[in-house]
Amino acid sequence: MDINKKIKDLARKYSGNIIELRRTIHQNPEVAFKEYETSKLVYNKLSKLKLNRVDKITETGVVALLNDKSTKCVGLRADLDALPIHENTGLPFASKNPGVMHACGHDAHTAMLYGAALILSELKDELNGNVKFIFQPAEEKNPGGASILVKEGVLNNPRVNAIFGQHVIVDKPAGTLGFYPGVMMASQDELYITIYGKTGHGAKPHLTIDPIVAASQVILALQTIVSRNTSPYDPVVITIGKIEGGSATNIIPAEVKLSGTIRTLNEKLRKKTLKQIDRTIKGITSASGAKYKFEISPGYPELINDEQLTDFATETAKEFIGSRNVFEAERLMGAEDFAFYLKKVPGTFYRIGVGNTTDIHTPTINLDESALSTGAGFMAYLAWNYLNS
Ligand code: NI
């Protein structure tokens, strides 16, 4: 039996079901931690398949198990949440929830994982192990649904030996697959800084402590951490994305708030950079007599793909869609909570091309649905290959 061909035939057979689910989810998007209807829909769909278990996990996640053997278990993961963006695609199945849109392709990820469950359910008895299907909430919001699911034991009972996840990427031909061994995505933390000065008349600055001037110096000085304190071979991004302070042209305010994000590709640099940020704010505020508060909202760790399993997945993709449809994925300073699973279990996070469209997180993204049956089929084939080889 040629399993490659068999899975391709099944993927073709189910492509209508996969697209239908993607469109239903696309039309009814829900933001992070609010995926009540989406998870109910996925739960009901999975309950109709020949799975051994379908369970709810945390408020809005679903986890299902195919087979319950004492051999290996492979985890396959999708994310369920949409973004607070108002859709502007004009599609017949565009979002019915104003201000909420599946603009990051999580509708496609969910539909493809469902497709993999449809395919693998038919191959149940021939599979030499277990498959855990993980539909997680809240990829887009700290602390990340993945971190909650890991704490709730999603990787145990049975123990997941390897995990795979995929993410759409625009401007790559639909259905092509991209891989990257090692550190592929950055760690991410949110920064919240308040600078306290002494308010007063704008014409009498000498009687005040001006938090606007101090904040300006802090913003510029933070960039010297990148350019002067960090090796040019070790990327770090510090972005202040928001400044709030002041109420009139002639008043020096009492305080200024800054918020932003930092990205690094390793834990050591992450910790060091956070310390340097604190030191920089401390030095500048103390020079002007201002005070400060610096709070960090910890985000996701850097995403590290296991080199061996990435090679394995790359070779499996070449078998499934041919070498010319497999590309080397780019390393990004974006973050992804799949990193939490990879801290516990080896695996790889890979890209699936969805054709030319605007970028993810834009209101006009319109992905090429012909990628979906390939994405579902490949996930199934990857799980098969991992368990049966
Ligand atoms: Ni995403």
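Predicted model: local features only at pLDDT ≥ 70, side-chain atom pairs only at ≥ 80, totals over all residues.
**Asp359 and its loop**

I started with Asp359, which comes out partly exposed, at a relative accessible area of 46%. For these labels I take buried as under 20% relative accessible area, exposed as over 50% and partly exposed as in between, using a 1.4 Å probe and protein chains only. Asp359 sits in the loop between β16 (347–353) and α9. My helices (H or I, at least four residues) and strands (E, at least two) are DSSP runs, numbered from the N terminus. I then looked across to Cys104: its C-alpha is 8.6 Å from that of Asp359, although 255 residues separate the two along the chain.

Residues are numbered from 1 along each chain as its sequence is written, and side-chain values use heavy atoms, with hydrogens and water left out.

**The nickel site**

Which atoms coordinate the nickel ion? I find Cys104 (SG), His106 (NE2) and His167 (NE2), at 2.2 to 2.3 Å. Donors here are N, O and S atoms within 2.8 Å of the metal (3.2 Å for Na, K and Ca), and the site may look incomplete because water is not among the atoms. The spacing of the donor residues in sequence reads C-x1-H-x60-H. The two histidines tie distant parts of the chain together: His106 is in helix α3 (residues 106–122) and His167 in strand β5 (residues 162–169), 61 residues apart.

Are these histidines buried or exposed? His106 is buried, with 0% relative accessible area, and His167 is buried as well, at 4%.

**Helix α3**

Since His106 belongs to α3, I checked the helix itself. α3 has 17 residues and spans 25 Å from first C-alpha to last, close to the 24 Å expected at 1.5 Å a residue. That expected span is 1.5 Å times one less than the number of residues. I count 16 of the 17 residues of α3 as buried, so the helix is largely enclosed by the rest of the structure.

**The largest pocket**

Next I went to the largest pocket, with a volume of about 680 Å³. A pocket, on a 1 Å grid over the protein atoms alone, is an open set of points with protein on both sides within 12 Å along at least five of seven lines, and lining residues have an atom within 4 Å of a point. The volume is the space filled by probe spheres set on the points, which are joined across faces, edges and corners.

The lining has 26 residues; Met185, Gly334, Ala335, Ile360 and His361 lie nearest the centre. The elements that give two or more residues to the lining are β5, β8 (187–196) and β12 (255–264). β5 gives the most, with three, and β5 is also the strand that holds His167.

Where does the pocket lie relative to the domains? It lies between domain 1 (3–184 + 302–388) and domain 2 (187–300), because both give residues to its lining. The domain bounds come from an automatic or database domain assignment.

Most residues other than glycine have a negative phi, and most peptide bonds are trans. I went looking for departures.

- Asn142 to Pro143 is a cis peptide bond, with omega near 5°; Pro143 is in the loop between β4 (130–136) and α4 (145–151).
- Asn157 and Pro158 are also joined by a cis bond, omega about -10°, and Pro158 is in the loop between α4 and β5.
- Asn157 has a positive phi of about 55° without being a glycine, and it counts as exposed at 58% relative accessibility.
- Asn67 has a positive phi too, near 75°; this residue is in the loop between β2 (61–66) and β3 (73–79) and is buried, at 5%.

**Two more distances**

Thr24, in helix α1 (residues 3–27), is partly exposed at 31%. Its C-alpha is 7.5 Å from that of Phe93, 69 residues away along the chain.

Leu387, in helix α9 (residues 371–388), is buried at 2%.

Conventions: 1 Å grid on protein atoms, 1.4 Å probe; cavity = no way out; pocket = protein on both sides within 12 Å on 5 of 7 lines; lining within 4 Å.
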